[in-house]
Every structure is written in C-alpha cells, then in structure tokens.
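Please open the model in your viewer and keep the selection panel at hand. This tour moves from one selection to the next and says what is to be found at each stop.

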Protein chains: 10
Amino acid sequence: MPSQPSKTLETFENPHSQRDYTIRIKVPEFTCLCPKTGQPDFATIHIEYIADKLCVELKSLKMYMWSFRDEGAFHEKVTNDILGDLVAVTSPRFMRITAEFYVRGGIYTTVVAEHRAKGWKPEIPVVLA
Amino acid sequence: MPSQPSKTLETFENPHSQRDYTIRIKVPEFTCLCPKTGQPDFATIHIEYIADKLCVELKSLKMYMWSFRDEGAFHEKVTNDILGDLVAVTSPRFMRITAEFYVRGGIYTTVVAEHRAKGWKPEIPVVLA
Amino acid sequence: MPSQPSKTLETFENPHSQRDYTIRIKVPEFTCLCPKTGQPDFATIHIEYIADKLCVELKSLKMYMWSFRDEGAFHEKVTNDILGDLVAVTSPRFMRITAEFYVRGGIYTTVVAEHRAKGWKPEIPVVLA
Amino acid sequence: MPSQPSKTLETFENPHSQRDYTIRIKVPEFTCLCPKTGQPDFATIHIEYIADKLCVELKSLKMYMWSFRDEGAFHEKVTNDILGDLVAVTSPRFMRITAEFYVRGGIYTTVVAEHRAKGWKPEIPVVLA
Amino acid sequence: MPSQPSKTLETFENPHSQRDYTIRIKVPEFTCLCPKTGQPDFATIHIEYIADKLCVELKSLKMYMWSFRDEGAFHEKVTNDILGDLVAVTSPRFMRITAEFYVRGGIYTTVVAEHRAKGWKPEIPVVLA
Amino acid sequence: MPSQPSKTLETFENPHSQRDYTIRIKVPEFTCLCPKTGQPDFATIHIEYIADKLCVELKSLKMYMWSFRDEGAFHEKVTNDILGDLVAVTSPRFMRITAEFYVRGGIYTTVVAEHRAKGWKPEIPVVLA
Amino acid sequence: MPSQPSKTLETFENPHSQRDYTIRIKVPEFTCLCPKTGQPDFATIHIEYIADKLCVELKSLKMYMWSFRDEGAFHEKVTNDILGDLVAVTSPRFMRITAEFYVRGGIYTTVVAEHRAKGWKPEIPVVLA
Amino acid sequence: MPSQPSKTLETFENPHSQRDYTIRIKVPEFTCLCPKTGQPDFATIHIEYIADKLCVELKSLKMYMWSFRDEGAFHEKVTNDILGDLVAVTSPRFMRITAEFYVRGGIYTTVVAEHRAKGWKPEIPVVLA
Amino acid sequence: MPSQPSKTLETFENPHSQRDYTIRIKVPEFTCLCPKTGQPDFATIHIEYIADKLCVELKSLKMYMWSFRDEGAFHEKVTNDILGDLVAVTSPRFMRITAEFYVRGGIYTTVVAEHRAKGWKPEIPVVLA
Amino acid sequence: MPSQPSKTLETFENPHSQRDYTIRIKVPEFTCLCPKTGQPDFATIHIEYIADKLCVELKSLKMYMWSFRDEGAFHEKVTNDILGDLVAVTSPRFMRITAEFYVRGGIYTTVVAEHRAKGWKPEIPVVLA
C-alpha cells in the first residue's frame, strides 16, 4: 500500500522513560498554502521534546507533515496546531516546535511555541566548560 | 490600488493567546536617510515578540518599513521609535527590536531595544541538553 | 555643500594606463523602485573593469548609485543602463556589471552585462598552480 | 483574480538584445511528486540564459514552477522538460537549467541540461585577474 | 593481533581527579543497522564527561563503536545504551551522549541523554565576558 | 521483500538521450573495510556522468554501495572498480567517480577516476559571465 | 577643515534615556604600535554599552581611534584605557570593550573589560525560545 | 641570543588589577608526542583568564609551548599540567585551559580545565540584549 | 637594532630556479593614508609570483609594507607601485599584486595588476579532475 | 617495533595504471624548524598526482613527513625538496605539491611546485555543466 498524507501520528514506547532526555527532529521539507493568496508556502519545522511514555514514530510524522500540502495555514496558527497535535498523541514532558518560514514580501518569519506538562520541572542544566 | 508607504500598522487576533510563544521577523531591506548628511542609510531590522491579544500583519509591516525611505533617522532614535510604534498597536507581552546598520566611516552600529508589559514575567526558559 | 544624488559620473586619469589591470568595485547598497508595483527593490552592484585613459571616481559613483533611489527600473534594463553610463564616461578597455537583486516572489535574479572596446583583446590569463 | 498554477510562461521584449548578457534566476521553492511512490520531492531550480528577442517574465515563471506541485516527475526528465518549455517560449541564444534535488535514500541528485541556439557561438570569456 | 570490534571498554586512572574538568570526544564514524529495514544507519556520536576516578581509553572506545556495525539499533535506545555502557565502566560525575543521525525519509534526528552521579553537583559556571 | 546489499546495478532508459546533459549523484554514506587492518573506512562517493542510452537507477545504486560494507578495499582500487562497474552497466558517454575518504593516520585521501566513451567528444563548455 | 586624529570624544543626548537599551559598535580598523618593538599592531575594537544621559558620537569616535595610530600600546592596558576614556565622557550605565588583536608570534590575544555604574543593576534578561 | 624552548614563564604587572577583566589567548601551533606510540600529536591551546597581580608574558608563553615538542603527553594530563604551570606563576583569580587535539583513530578529543582562586567570586555576568 | 619601516626590499637566491613554481604571500595588515582626506586606509595585499633568479625576503617585505603607513596612496596607483617595486628587485618571470581595500563610503575596491617577463610564457596548466 | 621518522618512502603497484586518474592527499600536521631562528614552523602539505607504475604508501608518507620535525627548512626549498623525493620514488606522470605555511610576522606564505614526466601530456579536461 503506497504512502499517503495522513493526520494520524503513530507512537512507540519510550525505551528510557525513567530519564529526561532530548529528542530533536528537523523536517526541512514542509509546504502548505497561504490562506490569503492560495500560493505555496515553505518552511523548515524543528521538533524538540522530552518524551514521557511515548515517542513519535518518524514515518507517520513524515505523512503528517505531508498532510499540510494542500491546506491553507497562517504561520502563527499552524505552528501552534502542530504542537497541539503532537502533544495530544505523545503527552510529552516538554515539547518545542520551531517553524522557519521562507521569505515572503522580503520578510522572514519564525514562530516558536512550547508545551510543558503540568507538574514537570526541567532539571537544572549542566553547562560544561 | 497599488501599495504605498504608510505608518499605519495593521493587526490580527493572536490565534493562541493563552500561551506565551515567540514570533521572530527579519526585515533585511530597511533604508532611511542620515539626518546629518541626507545620504541613504541601510539596515536589517529584527523584531522578536510575544504577542498578547494582537499580532502584527506582515503586509502592513512592509509598508511601514517603506515609510522610512525618505525620512532622516538617527540610529538610536529610529530603533526606539519603531519599538514604540509596534508596541502602541499590538500591546505585546514582550517585544525586542534589533537594528543592524551598515558600515559608516568604517564603523558598524547595532541598536537593541526592548519593551516588557507591566506585570508580565517571562517563564523560566527550558534549556535542552 | 551637502552631497546629492546625481547622474554625473566623474573620472580621473588612469595612473598606469600602459598596463591592463583590473579594478573591482562592490556597491552593496543599491535601491530603486519596481516599475510595476512601485515598491522598493534592492541589489548589490559589482563593477569590474580594465581602464583605458580614465578611472571612475568613487564619490561620484556613490552619488550616481543614489540617483536610482526614486526611479523605476527593470532588472535587465537597469543593469545594461548602468553599464552604458559607465562606459560612456570612462571608455574602458573592458567592463562588466553584475547586479544581484534581492528575492522577489521567492525568486532571485542576477543580471551580468559586459562591454569590450573595439579592437581590444584580453591577454591570455596566467593560471597559477 | 487570484494567482493560479499555470503552464503558460509569459515573456517581455529583451531591452538590450544587441548584446549577449547573462540572466540568472534561482527558484528555491520547487516541489513535485515522486512518480514511483507519490511522495513529495523538493528541489532548487537554477535558470541561466542569454536572451535573444524575449526574456521570461518572473511572475508567470513562479506560476509555472507551481504547476509541478501535483505532478509526478522523474529527476532527469523534469529538468529537460523545464528546459524545453522555457526554450519554446523564449528561443534564447543559450539556456542552462540546473535542478538540485533534496536527499532521497541518503543520495543527492543534481541534473544540468543546456540548450544552444543553432549558429550561436559564445564569445570567448574574459577571465579577469 | 589485529583490532576487532568489542563491547569491552577499557579505562585509565583520571590523572587530576581532585578537579572537575571536561573531556569532549567526537566520533564521526558510527554506523549501525536500522532495526526495521536492516539498512545501514550513520551517526556522529559526541561524548562529554567529567571523570571521577576513571577515564575511557580511546582505542577501546573505537572498538566499542565498531561493535554496533552489524547490530540493529533504534535512535533513542542506542543513545541511552551507549550512555549506560560508558557510565557502567567509568562511573563519571557527569556524562552526556549526543547522537546526530543522518537524514532518513527527509528527516534529521538527534538524541541527547545525560547521567549525573548521585550527590554530585556541578560548579556554578564562570561565564567570562 | 526487504532491501539487501547487492552488486546488481539497475538502469532505466535515458529520457533525453539526444542531448549531452550532466547527472550528479552524491553518496555520503559509503563504508568499507581497510584491507590491511580490517577496520572500517568511510567515504563520500561522487558520481558525475553524461548518460548515453541508460541512466543508473538510484535504489539499486544504494544497494550497490551497501555491498562494500563487509569488503576490504584499497582507496585507489575501489574508486576505479566502482567506475568500472557503473560503466559496464550504463555505457555512459562520460563518467567521473570521486571518492573522498575520511582521515586515516592524520592524512586525507581523495581519488578521482574518469571514463570517456570512444569517439565521444565533450562540447566546448559555455562559461557565462 | 580636514579630519584629524583626536583624543576628544563628543557626545549627544540619549534620545530614550528612560529605557535600558543596548548600543553595539564595531571598529575593525584600529592600529597602534607595539611598545616593545615599535612595529604596528592591528585590532578590531568592539564597544557595547547601555547609555545613561549621553551617547558617543561616531565621527569623533573614529578620530579617537585614529589617535592611537602612532602610540605604543600594550594589549591589556590599551583596552582598559579605551574603556576609561569612553566612560569618562559618557558615564554609561554599562560598557564593555572587546579588543581582538591580530596574531603575533603565532598567538592571538583578545582582551575584554567592563564598567558598571554604581547602583545600576541589569534587568533580568528575557531569553526567548 | 636565539630563542629556545623553555619551561620558564615570565610575567608582567597587571596594569588594571582593580578590575576583573578577561584575557583570551589562542595558541594554534602546539605539538607534543603521544606517550604510547611516540608519534607527534597536535593541538590548539586556548587560555582564558582573569589576572590578579600578574599577566603572562606572550614571548615566554611561546617558548613554554615549544618546550612540549619533544615530550610525551597524555591529553588529559597535559591540559591540567599547563593549567598548573600557568597558575603557579600568575596566581590568577580565574583561569581556563582548553586543549583541542587533532583527530586520532577517527576520534577528536578536547579537554577543558579551570582554576578558581580561593575566595574569588565571579561577578554576575551582564547579558546584553 | 629595532625594526624600522623601509623601502628597501631584500632578496635571496631562488633555490629551484630551473622550475616554474608559484609563491603566494598574503599581507593582511597594510595601512596607508587617503590622499584626499588624510584619513587611514586599510587593505590586504596578496602577492603571487614565479621567481626567476631571486625571491623576496619576508622580513624586508614586512618593513616595506610598513613604509606606506604615513604615505598618501590612491588605490589604483599604490597597487601598481608595489608591483613595480617588487619587480624591480626580483625580476620575476611573473608577478600579480591584488590589493583588497576596506569599505569606504559603502563601496569596496580591489585592484589587481600583473607583470610578465619579456619572452616568458606560462606552461599550459594541468587541470586535475 | 614502534614507528619512527624516516626519509624512506614506500610504494605499491598502481592498480589501474592503464588510466590517468588523480590521487589527492592532504597532510595537515607538518612541522619543521625555521632555519634562521630555529623556532618551529607549521604547514599543511597537499600532494596531487597521477601515478604511473607506483603509488606512494600512506604510512611511510606519514613517517616521511615526521622526519622534517627537527630539520631547518626554508619554505621555498622544502616544498621543492618534498616534490623531488616523491618523484624520485614514484616516477609519477604528474605531481603537484602545495605547502601552506602558518602566519609568520603577520605574513602567510604558500608554495606550489609541479613535476611533469617527459613526454606525458594531460588529457583535455572535461568541464561538466
């Protein structure tokens, strides 16, 4: 069965859930449509998260990103919506989405949104010399 | 109707105002006039903000930046004035303007000014490993 | 007397006209208007030439570049026009103009035009190991 | 009337057709579909040409590039096809298309195709020191 | 005796154990197999640690990294497992493993995991001007 | 059926064989074994060619590169052997293989080998200004 | 009257003294003499400050930097002296001088010195995601 | 008298000892011998310090670095030893040594060690916007 | 005797005069005065040459470059003059001087001049794949 | 038996001597002594060659480079001498040595020398689009 765009995100069990550790994912090939002009927009999407019980599965993530190809999406809204969708299926301790949009009208826009689980506190970071 | 330079900044409703998130905008094509010599100055303007109820609309922002093309503007003053204008129309929780001016007399100048809404406090940043 | 935009290019005598040598000039602060939309365009202009009797004077070149600030100018035409103006006043043995325009509609355009004096032939270049 | 994807390329008269000069165009936002898997492919398309009577109009070029968004396209074929389409409408003295595709299966592919008008010969290039 | 892949990590005595200092190691030549497809995966592994009594010996580290060449390994698990193995033999005060995997399906993944010894507290870092 | 390493290279018909055009392929994930020490070697392989009747199919190329994973291979020999294998199945007009090996003993080695079909002559390159 | 090297630094009134904001100045063309050998030294000087009532005027700053051209100056001393001179005329809330000297004897030296006004406290910085 | 390698580090009086300020020194031309194989090792040494009464004199520092040319030196030990030697002669308020070693066996190693004078506390750093 | 600026260039015998080989020298620390304004100018000077009987001695070259520190010098003239001085003392088979001047009035200038000995012809360069 | 510096270069049979192909070798860790001051010099040595019957063996090359560690060597002479030694043992069709020396007295020097076998002619290079 060929791959298809899909809003369904799949997960797998976090293999080291006893520890807070960071997973960083970069998706340089995101495209959607401008809701005003209908013309294509392009972006690089960064996901950084600390998983709790579940990690996001990469192949379904690719299909999920593909699902925006024919949708109109405002910069600010789509960034927060991607965060919402990923939080809904993985319930992470922490997640940050950074969406770097390509230039439009000579202007570059980047949107960054975060989720923190209730009651979760980050460890104090160790800054090595 | 063709586009025109304009001091009028338009806004739209923040689609996720329940959350502090960051919007970064880079405008590499800013030009004004040197108030002393009348000669053109050039700069890249960076805007970073956490919106409250309103976000700045990008097309009007482009016209706003254009409106400085024939105005004399000291580096320090114009940076603070842009901040003042953007704060006046969007009332953000936080906003920072960085203006990187091109070399003049062998000297490079950058000016950075910030606004913080009264009573607003930034979340403690999560520094991922 | 303050500086002013001007189409008048000044020259000075080539101090070593007995020899073919190269002068390269980069002007990163060129701006004109889009003839279709009236909106500002920006470019970096490169001039490379082998002078004959005359070299172009840099301060007048700066005022000349300034003179396009309020003019509508198509990419292809303005590059060739700048070449024509500079050739007219300096009669160089060789001149090349490269105009790198900033992105418009997600598309980057660069135009390169050359003039060769009649009867002039370039020396065979020495390619050092 | 809103913009739409279109295979129709528009042209304008070359303002300096008496001279061979170079026009370089970079389109970083090209996307099509993989004919085997149906999944999106992305590329940066470079166009370099020496116009004869006609230049390609940039807005129609943007719509033309957009028209591949829902088409299946093999790397080698689409590069040559774009060359064919652009040559058909502009009849340039010389044209080169370079398509840099994003990584697939850990492999990066770039395809470069050229057209030379019959009887046209390039000037011997001037290589400045 | 020729070198061979090996899970055995060797150590040597920390020559300055009275002081917290940082050792950074970069291994750009890590390869394992994808547990789903059996195809090769590649990564750069970074190790940063503050040794207690023991430091990891580099030649055995090279053989250890080699030992993954024919093993299936999920990104998240293998990063935590390498951390576990290195902590088991060196009992460091602090250790951080960063695994930067090469692109798969157009997506880049990096995993970062840390170990802190019980009772150990990092010194407050000196941030020099 | 899962993918497997294989020496079998597959081809497809060149869609524009009437024209000399360039196909560039970069494979950053090549690994083999050092024939002297048995330890892993790593390289980036570049393929540049002008196809005649046949192009190399990318998925089979990936499996072909994988097939060296457990083979001993001298730098100079493996580069020429890859060239020989690719020429044997595609009979290109021109092909160049560049193998950039990672540092060994503090020394970096790159090997470049070319094949030219009998009777084939390259067009004189157009060097644009 | 032509410009001349001068130790006199001029100031202008801070146009937004009600706010702590940053002014960054880079002077890449600083030269002085080595007090030991008498040979020229070169450096890039960076000034970062938060003005109180007065800002430093750029043209006089250029003449001030010029005034070191014929003076002997040890790296550590001249950096602190420049800080002292600039603080004396502008009484800033905060000022930092960074002097990056060119290589001497195969060794690169950078010196960084700061002044903080009595009673002034920096705002807690906002670190945006 | 010609220069010679020497373990003797010379100092000069700190010209601004009333103030904590930073001196950064980069020595890209460090070489010693591997204690196991006897083969040459290479590194770049960084020194960052806040002087108390004494600064290190650069010419003697160069001779000091030269003195390791014929000595066997483990990465971790030599970094701490250099720190020890420099602290012994300058008694700084703070000093950090970073030794970046060239690749060995495909592995890059960097060691960072710090000294803080008893009772010295760093000022809270000013992080400018 | 301390070093001093000097127009005297010293030479030494070319140790391999039977062969055409290339010597490249980069002097990033050149400064002179603008003949119009008297203000300092800065440049990086590149020398590339094929020696005949004599090579230029580097210490005297440094003193020679120093000798321009207090001289007024037009960009085009000083480049040709340096070429003339170096040719006069070394009589090279080929020499090229490239002077990259720092920005003035927002404009960057580079001047390149060459000398070829009478009767000398460059070997046809070997362009390796 | 431990490795030792040695002037003996070893060779192996060229596995594809029927074809002209390029071998590039970079040695970033070369050090010798300045014949005037006795102080260490550092360089990166590049070797590019087209082998005839013999290729240079890399481990002996490493020992050969090591053998200069305690020798005085003028830049121009040592480059030509290395070329001479390598030509003597491998009799290549073509060889080029490039020696990039580190900065001395603020001046960077690079020396490039070539050998061409008698009667050997390079193929006309294929310059791909």
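**Stop one: a salt bridge between chains A and E**

Select A:Glu123 and E:Arg116, whose side chains meet in a salt bridge (3.8 Å, N to O); the term stands for a side-chain nitrogen of Lys or Arg within 4 Å of a carboxyl oxygen of Asp or Glu. Across the interface of chain A and chain E, the rule finds two salt bridges. This is a predicted model, in which local features need pLDDT of at least 70 and side-chain atom pairs count only at pLDDT 80 or more, while totals for chains, interfaces and linings use all residues. Residues are numbered from 1 along each chain as its sequence is written, chains are lettered from A and ligands numbered from 1 in the order in which they are written, and side-chain values use heavy atoms, with hydrogens and water left out.

**Stop two: the whole contact of A and E**

Now select both chains and look at where they are in contact (heavy atoms within 4.5 Å): chain A gives 25 residues and chain E gives 26 residues. How much area is buried between chain A and chain E? It is about 2,200 Å², and carbon and sulfur atoms give 57% of it, where buried area is the accessible area (1.4 Å probe) that two parts lose on being put together, summed over both. Pick out A:Arg19, A:Val126 and A:Leu128, which supply 29% of the area that chain A buries against chain E, more than any other three residues.

**Stop three: the paired strands**

S2(A) and S6(E) pair in the antiparallel sense over five bridges, and two strands count as paired if DSSP finds at least two bridges between them. Along this pairing, A:Arg24 stands opposite E:Thr110.

**Stop four: chains I and J**

Move on to chain I and chain J, where 25 residues of chain I are in contact with 26 residues of chain J. Finally, show S2(I) with strand S6 (residues 108-116) of chain J, which run antiparallel and are joined by five bridges; in S6(J), J:Val112 is the bridge partner of I:Thr22.

Note on methods:
Helices (H or I, at least four residues) and strands (E, at least two) are DSSP runs, numbered from the N terminus.
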